[in-house]
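Thanks for coming. I will keep this short and go through a few points on one structure. Please have the sequence and the 3D view open.

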Amino acid sequence: KNDSLINNQICQVLLSVDRSGMNTEEHYWVNQIIWFWYHHAISCALVKYKDKKAAQDFATKATEYQAQMFDHPNRITWLLYLLVHDRFEEAHEWVRSIPIDHSEKTTAQEVLTEYMLGATIPGLK
């Protein structure tokens with residue numbers, strides 16, 4: 001919501017850049033930066049602004065950009081997508097499906113628990 005923040009300005013520039021002349025690596029990194037912005041915008045919309053609709057929109061965009069980067073290791077974006085779209089059973093199943101040795105297993109369990117308890121985002125369920 002703050003266009004003066006440099007990270008928001010960078011995202012807007014990257015969203016408007018013509019990518020037709022980019023090589024594969026450049027295209028990947030533009031997607032990575034945009035995905036990362038949307039990924040964090042989900043939490044910002046929920047925690048700072050209590051705006052579930054914005055969080056849903058950001059989650060949709062984040063998953064779209066993440067899907068363009070094959071085998072992206074992040075598992076939290078999809079979990080957030082499921083949670084903000086009230087797909088709780090799928091969210092529980094998603095967390096269960098993350099291998100125990102995956103670096104995001106504990107984070108996913110914590111995010112799920114906090115969301116379901118309303119500890120992080122009261123009043124949004």
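This is a predicted model: local features need pLDDT of at least 70, side-chain atom pairs count only at pLDDT 80 or more; totals for chains, interfaces and linings use all residues.

Ile33 comes first: its relative accessibility is 41%, so Ile33 counts as partly exposed. The cut-offs matter here, because buried means under 20% and exposed means over 50%.

Where does Ile33 sit? Ile33 belongs to helix 2, which covers residues 24–48.

Next, the start of the chain. Lys1 lies in the segment before helix 1, the helix of residues 6–16. Lys1 has a relative accessible area of 73%, so Lys1 is exposed. In sequence, Lys1 and Ala45 are 44 residues apart, and their C-alpha atoms are 9.2 Å apart in space.

Now the helix packing, with helix 4, residues 76–84, as the reference. How do helix 4 and helix 5 run, roughly parallel or roughly antiparallel? Helix 5 spans residues 88–97, and the two pack at an angle of about 160° with their axes 8 Å apart. Angles over 145 degrees count as roughly antiparallel, so helix 4 and helix 5 are roughly antiparallel to each other. Their crossing is left-handed.

The other partner is helix 6, residues 105–117. The axes of helix 4 and helix 6 come within 10 Å and cross at roughly 15°. Helix 4 and helix 6 are therefore roughly parallel to each other. Helix 4 passes helix 6 in a right-handed crossing.

That is what I had; questions are welcome.

Methods. Residues are numbered from 1 along each chain as its sequence is written. Side-chain values use heavy atoms; hydrogens and water are left out. Helices (H or I, at least four residues) and strands (E, at least two) are DSSP runs, numbered from the N terminus. Buried means under 20% relative accessible area, exposed over 50%, partly exposed in between (1.4 Å probe, protein chains only). Axes are lines fitted to C-alpha atoms, for helices over the stretch in contact, and angles run from 0 to 180 degrees between N-to-C directions. Angles under 35 degrees count as roughly parallel, over 145 as roughly antiparallel, 65 to 115 as roughly perpendicular and the rest as oblique. A crossing is left-handed if the near helix is turned anticlockwise from the far one by less than a right angle, and right-handed if clockwise.
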